[in-house]
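Q: Hi, I'm new to this one and would like a quick tour. Could you walk me through it?

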Amino acid sequence: MMGVMVSEKTRPTTSPSMSTSEVGRPKAGSTRAWAPRWTTRLVIVGIVLTALNLRPAITSLGSLLEEVRVGLGMSGSVAGLLTSVPPLCFAVFGVMAPRLARRFGAAAVVCAGMAAIALGLLIRPYAGGTAGFLAVSALALMGIAVSNVLMPVIVKRWFPDRVGSMTGLYSMALALGTSSAAAVTVPMTEALGGSWQTGLAVWSALAAAAVMPWLPFVRDRGASPAAQAPAREEGSGPRITRSRTAWALAVFFGLQATAAYITMGWMPQIFRDAGVPAGTAGLLLAVTMAVGVPLYFLIPRFATRLPHQGPIVVVLGVCGLIGYAGLYVAPAGGAWVWALVLGIANCAFPLALAMVGMRARTGAGVVKLSAFAQSIGYLISIPGPLLVGVLYQHSGGWGQPLALMAALMIPQIAVGILAGRNRLVEDEAAH
């Protein structure tokens, strides 16, 4: 894993004043030279384990959504609400991440986030009733939300000269965790006795393991004046709302998130309604997510070498349009092809993460841009999964939901092209 961290050059560079991360190193640009080797390796382990836990709470539920609906007595509309809860929580709790990081340190917040995921996943299946299920799900999703925002920040500070490689690494781990949960949840549930509660709760063990690498860094947030510099830096960051690129990136993030959460929440149901067995439907979702394992690593590295990321946006958007058309015409007959193509389309997510690191010059800019793009983006994505559930219930089929999903791909391509221009939010915010 360490072997993939080859040196690369990214256009946005850290400012000379950019200082330590929450672990108290003196200069962001010299982390790897200053920090003990075991410390850097432990950070990498923490990043990978954290990324593995950022989606199983969602895709494991998607694989067992029919069983959860029956077990809790949900209608299609309520199930649509359930699939809208993740982006809602990401928007609400993600905006809190910069303030929490300034006060406690990013590592401490991520550590607490992993603990929240572990606790939420363990309790959620046994909370009793739809209301309890949603409430405890919010605890796990809160942990995911703050970690989502802070991962680009940790990468920028610890690996300022390897943003593309490290973004690719944790994006690849995120895709691996996503696809693994989709692939093994159904067979693992059957092996554990067939209870959907057990099948969902078992994922808490992976989150508990992700707590460990961050523990050595939790108490270092105020150990030295250098450790306090990020707070000052973040507080003096750019006024993001003045940047057109920031708004374009936020809308692009929101539209790709809409597509991703509709896919994770509803694609197994689309296949099951077409006559595909439950286990195979979960495996098809796993294929969609597994496509991202290599691409999540390669796309950010490739994107950092391009002057404009628009061509990547267009290719991914066209794949989405092909996939939705295929699901409408022959959902069962071409199932494996559509799963593969939609998996490529979902790689807009690591591209968006890479652009967060590329569109800001300083660590303060990355913190604010990451929180802004993800919070606004997830707010934009909230209605999508819910609307799909309503259309599915009232139309009695998947024609209208798929038409909606295809229609949203057009503005995603347009704003992605704008976000992919070689601009820096600090420069735009200054005008």
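Q: Is helix 3 buried or exposed?
A: This is a predicted model, and in it eight of the eight residues of helix 3 (residues 56-63) are buried, so the helix is largely enclosed by the rest of the structure.

Q: Which residues are those buried ones in helix 3?
A: They are P56, A57, I58, T59, S60, L61, G62 and S63.

Q: Okay, on to the largest nonpolar core. Which residues touch the most other members?
A: Of its 130 residues, those are I47, V68, I154, W214, F252 and L351. Helix 13 (residues 244-273) gives the largest share of this core, with 17 residues.

Q: What is W214 in contact with, leaving aside its neighbours within four places in sequence?
A: W214 is in contact with V43, G46, I47, T50, A107, V110, C111, M151 and I154.

Q: New topic: how much space lies in the largest pocket?
A: About 280 Å³. Helix 6 (97-104) and helix 19 (363-381) are the elements that give two or more residues to its lining.

Q: And which residues line the largest pocket?
A: The lining is made of V95, M96, P98, R99, R102, I240, T241, K368, A371 and F372. By class, that is six nonpolar, one polar and three charged residues.

Q: Last one, where is Q309 found?
A: Q309 sits in the loop between helix 15 (292-303) and helix 16 (310-329).

Q: Why does Q309 count as buried?
A: Because its relative accessibility is 0%. The side chain of Q309 also makes a polar contact with the side chain of R359, at 2.9 Å.

Terms used. Residues are numbered from 1 along each chain as its sequence is written. This is a predicted model: local features need pLDDT of at least 70, side-chain atom pairs count only at pLDDT 80 or more; totals for chains, interfaces and linings use all residues. Side-chain values use heavy atoms; hydrogens and water are left out. Helices (H or I, at least four residues) and strands (E, at least two) are DSSP runs, numbered from the N terminus. Buried means under 20% relative accessible area, exposed over 50%, partly exposed in between (1.4 Å probe, protein chains only). A polar contact is a pair of N or O atoms within 3.5 Å; within protein, one must be able to donate a hydrogen and the other to accept it, and residues adjacent in sequence count only if both atoms are side-chain atoms. On a 1 Å grid over the protein atoms alone, a cavity is a set of points where a 1.4 Å probe fits but cannot get out, and a pocket is an open set with protein on both sides within 12 Å along at least five of seven lines; lining residues have an atom within 4 Å of a point. Grid points are joined across faces, edges and corners, and a volume is the space filled by probe spheres set on the points. Ala, Val, Leu, Ile, Met, Phe, Trp, Tyr, Cys and Pro count as nonpolar, Asp, Glu, Lys and Arg as charged, and the others, Gly among them, as polar. A nonpolar core is a set of buried Ala, Val, Leu, Ile, Met, Phe, Trp, Tyr and Cys residues joined through side-chain atoms within 4.5 Å. Contact means heavy atoms within 4.5 Å.
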